[in-house]
Amino acid sequence: MWWVLWVLAALLALFCSLDVWYFLRVAFVILRAWFKPPVRDITAEQIVTGRVTPHDIDMCHMNNARYLRECDFARFSLYIRNGVFKALRALRASMVVGATTIRYRRALCIGEGYELRSRIVTWDDKAFYLEQRFVSTKDGLVCAVMYCKQSVIRSSPDKIMQHLCKRKVECPEFPEDLKHWVDFISASSQALRAESGLEDKNK
């Protein structure tokens, strides 16, 4: 009987200290993507489907933070199927999210199905830039669209693409709206560096 109480206490401590459901979902997403066919076109759009559950909502529609969480899971699937994660391991590199911006166009309501369409749009010498769209299965409306800057650490997007394609790959042109957002990130970074005095120290 005591061991049951110890197990329950351990589970309670685990759920109180960690977002257990997040890690379980990550494991599920990775396993599901692992058993799906690989996608050879690195920039091809990939689609995962979802439905708004009571766990996702506030005021009967999807909570704004849930969109970003679902985008996290979709990127895990994207990188596993197109081989980027495998290339990162081979190059002993890693990636982190450097910036995101999301535009909400219409609420996804409880019970509503959607497609989350993710693709690598382009890249520069330090990061990949992705677009992720939430498209309602009810009427095909793009309910939200997000851009994500995925910064590469200890390597570069060019090296990852060369590792996967075995040749030099030309970087696609930046769409006009994405170019404006990248300029904003650069301006913000410069302003924050000046504010903290880092620019003076580097002179």
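Helix H3 comprises 18 residues and spans 27 Å from its first C-alpha to its last. This is close to the 26 Å expected at 1.5 Å a residue. The model is predicted, and the values given here are computed from it.

H3 covers residues 64–81. Of its 18 residues, 13 are buried, so the helix is largely enclosed by the rest of the structure. Buried here means under 20% relative accessible area. Both ends of H3 show local features. At the start, a side-chain oxygen of Asn63 comes to within 2.7 Å of the backbone nitrogen of Ala65. Just after the helix, Gly83 adopts a positive phi of about 90°.

Empty space inside the model was examined next. Rolling a probe the size of a water molecule over the atoms shows where such space is left. The search returned one cavity of 30 Å³ or more. The largest cavity holds about 30 Å³ of space.

Its lining consists of Gln46, Ile47, Val48, Ala74, Leu78, Leu116 and Ser118. Three elements each supply at least two of the lining residues: strand S1 (46–51), helix H3 (64–81) and strand S5 (113–123). S1 gives the most, with three residues. By residue class, the lining of the largest cavity holds five nonpolar and two polar residues. No charged residue takes part in this lining.

Note on methods
Residues numbered from 1 in each chain as written. Predicted model: local features only at pLDDT ≥ 70, side-chain atom pairs only at ≥ 80, totals over all residues. Heavy atoms only, no water. 1 Å grid on protein atoms, 1.4 Å probe; cavity = no way out; pocket = protein on both sides within 12 Å on 5 of 7 lines; lining within 4 Å. Points joined across faces, edges and corners; volume = space filled by probe spheres on them. Helix = DSSP H or I, 4+ residues; strand = E, 2+ residues; numbered from the N terminus. Nonpolar A, V, L, I, M, F, W, Y, C, P; charged D, E, K, R; others polar. Expected span 1.5 Å × (residues − 1). Buried < 20%, exposed > 50% of the residue type's maximum accessible area, 1.4 Å probe, protein only. Polar contact = N/O pair within 3.5 Å; in protein donor to acceptor, adjacent residues only side chain to side chain.
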